[in-house]
Amino acid sequence: MTETKILPVSPEALDAEIITQAADVLRRGGLVAFPTETVYGLGADVLNLEAVKKVFDVKGRPPDNPLIVHVAGTKQLDDIVDEIPDKAKTLGEAFWPGPLTLVMKRTILVSDLVTAGLDTVAVRMPDHPVALALIRALGEGIVGPSANLSGKPSPTTAQHVYDDLRGQIEVILDSGQTTIGMESTVVDVTVDPPVILRLGGLTRERIEEVIGPVETDSTGDRSRRSPGTLHRHYAPKAQVLLVRHGDPAAFAALLQDQRQAGRKVGSIVHSALLAKLESGEFYRVLPSSIDIFARHLFRTLRELDAMRVEVIVVEGVEEDGLGATVMDRLRRASQG
Ligand code: TXA
Ligand code: MG
């Protein structure tokens with residue numbers, strides 16, 4: 001067992017000493033969880049293969065699911081990426097730092113362990129002063145899967161990381177709740193048109209405004225290109241049941257069925273029509289503004305899990321913009 005230290009660090013007034021301390025831990029091959037604008041990441045030095053191996057071990061992550069390398073500037077891409085396509089440059093200029101991960105051809109410097117043997121590497125420049133300062137202090141890329149146990153909802157607070165990985169990692173840098181609350185959008189730019197492998201914090205619409213039409217991975221080719229999307233993800237312990245938004249009859253019927261079956265039921269809703277139907281300990285109303293709904297969704301799923309509800313009935317959202325990402329996560333959670 002390792003002692004896991006939670007070190008508070010304000011994104012507005014960076015404490016250089018804490019960043020140095022955390023970078024030293026990475027340099028010695030330790031693991032440091034760090035905040036980003038999307039979710040918390042589990043950081044290790046990309047060049048330290050023992051540390052990278054530990055990342056898979058502590059998360060219980062299947063070795064066929066490759067990791068994202070986080071960088072702090074485009075200069076760092078030279079060592080990692082073999083070829084930067086024009087559309088990747090355009091996307092990087094438009095959205096980095098930000099919730100966008102680009103899959104590109106890798107160099108031989110990137111270990112097979114990181115890429116799960118693929119000839120590509122996923123790279124992201126996070127939009128968070130603490131993450132960027134940590135990468136700069138280490139002077140190398142940092143691998144960073146979400147800092148949760150594999151299969152659980154991604155962590156949006158330092159406490160979530162602590163709940164999942166306590167005793168297994170050295171440091172958690174705590175900058176409070178993350179702002180986006182969903183993971184980055186992963187785009188394969190080795191093909192043209194590029195393919196969205198995982199919807200995330202950056203919407204398809206915004207990507208297409210900049211580079212024109214992109215595809216999504218409905219081609220059946222997805223297992224080859226983004227192994228991670230095949231594994232069960234984002235699921236709380238409780239069973240998740242999804243209802244259409246703004247459909248009070250369906251919601252009421254589902255609640256009644258579940259209660260009659262004697263199950264302890266929680267729910268997450270956002271529309272006034274559904275919010276009127278119920279109240280209670282295991283009942284959560286989130287704002288219907290999609291940005292705020294997304295920000296709080298994983299946290300709320302974890303909260304209801306901690307109350308040991310057996311079922312969580314969730315009201316779906318409209319499927320455009322960030323709503324498409326939210327529905328992707330909810331569908332995966334409900335497939336559990
Ligand atoms: O927002 C995020 O992306 C967060 C923060 C910490 O940056 N990180 C994150 O990492 O969500 P992770 O490991 O939980 O998800 C990475 C996703 C997986 O679906 C993985 O399969 C995919 O990216 N991926 C990584 N490398 C890839 C590659 N070379 N080709 C295709 N997909 C790849
Ligand atoms: Mg993850």
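A polar atom of the T4 side chain lies 2.8 Å from the backbone oxygen of I169. The model is predicted. The side chain of T4 also reaches the backbone nitrogen of G167, at 2.8 Å. T4 itself sits in the segment before β1 (5-8). Its relative accessibility is 11%, so T4 counts as buried, the cut-off being under 20%. Beyond its neighbours within four places in sequence, T4 is in contact with Y162, L165, R166, G167, Q168, I169, E170 and I172.

On the scale of the whole chain, the protein is divided into domain 1 (5-225) and domain 2 (239-333). Their centres, taken over C-alpha atoms, are separated by 29 Å. Domain 1 contributes 22 residues to the contact, and domain 2 contributes 16 residues. About 1600 Å² is buried between domain 1 and domain 2. Carbon and sulfur atoms give 54% of this area. On the side of domain 1, the most area is lost by P153, M182 and L199. Together these residues account for 35% of what that side buries.

Polar and charged pairs also span the interface. Nine residue pairs are in polar contact between domain 1 and domain 2, with both residues at pLDDT 80 or more. Two salt bridges are found across the interface of domain 1 and domain 2. A salt bridge also joins the side chains of R329 and E183, with an N to O distance of 2.9 Å. By class, the side of domain 1 that touches domain 2 has five nonpolar, eleven polar and six charged residues.

Methods. Residues are numbered from 1 along each chain as its sequence is written. Chains are lettered from A and ligands numbered from 1 in the order in which they are written. This is a predicted model: local features need pLDDT of at least 70, side-chain atom pairs count only at pLDDT 80 or more; totals for chains, interfaces and linings use all residues. Side-chain values use heavy atoms; hydrogens and water are left out. Helices (H or I, at least four residues) and strands (E, at least two) are DSSP runs, numbered from the N terminus. Buried means under 20% relative accessible area, exposed over 50%, partly exposed in between (1.4 Å probe, protein chains only). A polar contact is a pair of N or O atoms within 3.5 Å; within protein, one must be able to donate a hydrogen and the other to accept it, and residues adjacent in sequence count only if both atoms are side-chain atoms. Contact means heavy atoms within 4.5 Å. Domain bounds come from an automatic or database domain assignment. Buried area is the accessible area (1.4 Å probe) that two parts lose on being put together, summed over both. A salt bridge is a side-chain nitrogen of Lys or Arg within 4 Å of a carboxyl oxygen of Asp or Glu. Ala, Val, Leu, Ile, Met, Phe, Trp, Tyr, Cys and Pro count as nonpolar, Asp, Glu, Lys and Arg as charged, and the others, Gly among them, as polar.
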